[in-house]
Amino acid sequence: MAAVQDGPMELDAEKETKPEILSDGTSNLSGNTASGTLSSSPLTAAPAGAAPKMEDQQTLIAVLQFLKRNKLTESVDILRREAGLGEDQEALDGSGAGKGEGDGGDTNSLLSRVSMASAAAPQSTLTPMPVKSADQPDVSVVLSAYSQQGDPFLYKVYYSDLKNFIESVLDCHRAELSQLFYPLFVHMYLELVYNNNENEAKAFFEKFSGDQECYYQDDLRILCGLTKKEHLKGNEALLDFRTSRFVLRISRDSYQLLKRHLQERHNNQIWNIIQEHLYIDIFDGISRSKGQIDSMSGSLAGEAKREVNKIKVFYGLLKEPEIEVPLDDEDDEAENEEGKPKKKKTKKDSMGSKSKKQDPNAPQQNRIPLPELKDSDKLDKIMYMKESTKKIRLGPENLPSICFYTFLNAYQGLTAVDFTDDSSLLAGGFADSTVRVWSVTPKKLRKVKSAAELNLIDKESDDVLERIMDEKTASESKILYGHSGPVYGVSFSPDRNYLLSSSEDGTIRLWSLQTFTCLVGYKGHNYPVWDTQFSPFGYYFVSGGHDRVARLWATDHYQPLRIFAGHLADVTCTRFHPNSNYVATGSTDRTVRLWDVLNGNCVRIFTGHKGPIHSLAFSPNGKFLASGSTDGRVLLWDIGHGLMIGELKGHTDTIYALKFSRDGEILASGSMDNTVRLWDSMKAFDEVETDDFTAATGHIHLPDNSHELLLGTYHSKSTPVTHLHFTRRNLLLATGAYNSQ
């Protein structure tokens, strides 16, 4: 890993340049400097033996006392030696300034007086910040870093100078260094606004906003509305941009070229922003092309750091429980040949016989506690395996039939759809806060009889499960009331006994499909909950919402088991990995993250989308992930290597539905452009070579072959596609609400 963050650069013509002294370069003085190092980017230490100015001397004394209070004696000695301060001088000035530590005036008061003195003296370049030990950054404290600024009239000169330099370098470096334009533009604009230079900020924005990449236009529209210092306070998006350092991946040659230019031009303003607000991930090797950079760019916080995507991920499938299936030899052979997707790889490896080996990439069976199979679950698995023998093998020459369920007269506003795994039930969430459940088969929906009637039933009879159902309540659909806002997500449990729904009211509700009543209301999100999904094994479920976090729940716990925090904007879609050990989340910060259920850690960050992400789908073998966005593209990801391996272009609007066929041969995508498209996913995965070098450097070469991978486009008359589902026999079901406009 060559992610080197070089230290502050002293751009004083009279001194020798020392570019790599400190490791960080941030100028925030906070109470948690446990490393024992003080980093102050703009501060230029006086030569040994020279007497510092009065204001500088008070600043140094304040810093020394702060370090002493935190018992950072080694740093105290180094700073005193470099500044040429003696102990007696420090004690004298310190007592005159405020009695030293713990005796009347403390370091904070001294720091505040020093900051006042600095404000009066424009020569001083260090503005100490108030000490704050709270866990969450306060907006005013975060923003106060912008108070260190140069002449506001020179900002356009600084930026133009860098722009001219980057445009004049060799093509191999230009693409990489051009990544600096957007984060520098944003931070320089915010500095101008924060320091009440409204006219200069507007002029700066008008001159350079047109130079930014097209995929940042939505962010720039928000930014241009922030024209006064008061607008910045309480702005969550701004706070995120300020606190999470923008990540740029640059080759060492390009980085050295940039650093040499800034040293020669004495462009301290630009360098300070790079040091404080950007994280430059330096790699050894040839520079990346414009195409390679564009494919990974677009997220709110830049690209992902490479070390994040090197964590080991157990993407293999869990070993199936051994269940005796009453099949004859011929059926058994067929089942083994085209069996359940989760066992497909195992069967293939063992030449059609049941594998006793554990997949080397699979997690331990007991890595997370999973619910035991009930008798009803075993019966359902037997039915599943029998039905799999009749499954159609899909491919480029054998495309699936598509059955489209159109919601007519859905004046309530259809907002979410889900099918049960056996395709027998369909649920819809609506903007009028209701959840509606339909039976897709001729079998009608019935409630369980009342307690008094159940007492009269012979519990030993063979058809007891039929007798407990009340025929008088039979109907094709049921309406579930309980939410107090639009329902944005619905999900059936694998055993078809429960239904989850998430709503704008901030709750997730668990409904019984035996009584069609609400069993539990889970409260944890503070804002609308955009999506929820059951684990493939039941019991666990995940939710994501406007509060920018995803939560893992268990049906028998009213508090979340894990909170997955890290996204910089709303979590819009959530999906469980087929082995249930991982959860994928998509966000309006334009990233996809993969979280480990065991410890709650983020183990993958995927960047490349140019708009909010609204759909996710794992391949049946667990190796790959597909994501769809408002940019109309489907991106394919290799989970093991942590790389983008494909880009499917063709849709002209937001992609709200993605689904792999049962054997993983076909990927179906549904969009607001009223089309369903089928893609050859096996060809897309087979053509990609992901070696260790590619994974280490992030040099991906995406073939522009969407037209070769597209197997078919199917138009609805005027119905946006909101959900897709493959039946156990590989029939594709699609749904959407008819749009009369």
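Predicted model: local features only at pLDDT ≥ 70, side-chain atom pairs only at ≥ 80, totals over all residues.
Modeller: Residues are numbered from 1 along each chain as its sequence is written, and side-chain values use heavy atoms, with hydrogens and water left out.

Colleague: What is the mean pLDDT of the protein?

Modeller: pLDDT is the predictor's confidence in each residue, from 0 to 100. The mean is 76, and 74% of the residues reach 70 or more. Over residues 1-52, however, pLDDT stays under 50. Residues 92-137 are also below 50.

Colleague: What makes up residues 480-515, helix or strand?

Modeller: Helices (H or I, at least four residues) and strands (E, at least two) are DSSP runs, numbered from the N terminus. Residues 480-515 are 0% helix and 53% strand. For residues 522-553, the values are 0% helix and 59% strand, with the end C-alpha atoms 9 Å apart.

Colleague: Why is R367 called buried?

Modeller: Buried means under 20% relative accessible area, exposed over 50%, and partly exposed in between (1.4 Å probe, protein chains only). R367 has 18% relative accessibility, and therefore counts as buried. This residue is found in the loop between α17 (341-349) and α18 (375-388).

Colleague: What makes a polar contact between the side chains of R367 and D596?

Modeller: A polar contact is a pair of N or O atoms within 3.5 Å; within protein, one must be able to donate a hydrogen and the other to accept it, and residues adjacent in sequence count only if both atoms are side-chain atoms. The side chains of R367 and D596 make such a contact at 2.6 Å.

Colleague: Which residues touch the most other members of the largest nonpolar core?

Modeller: A nonpolar core is a set of buried Ala, Val, Leu, Ile, Met, Phe, Trp, Tyr and Cys residues joined through side-chain atoms within 4.5 Å. In the largest, with 43 residues, they are L180, F185, F204, L223 and I274. Helix α8 gives this core its largest share, 11 residues. A second, separate core of 18 residues includes C573, Y582, V592 and L616.

Notes: Contact = heavy atoms within 4.5 Å.
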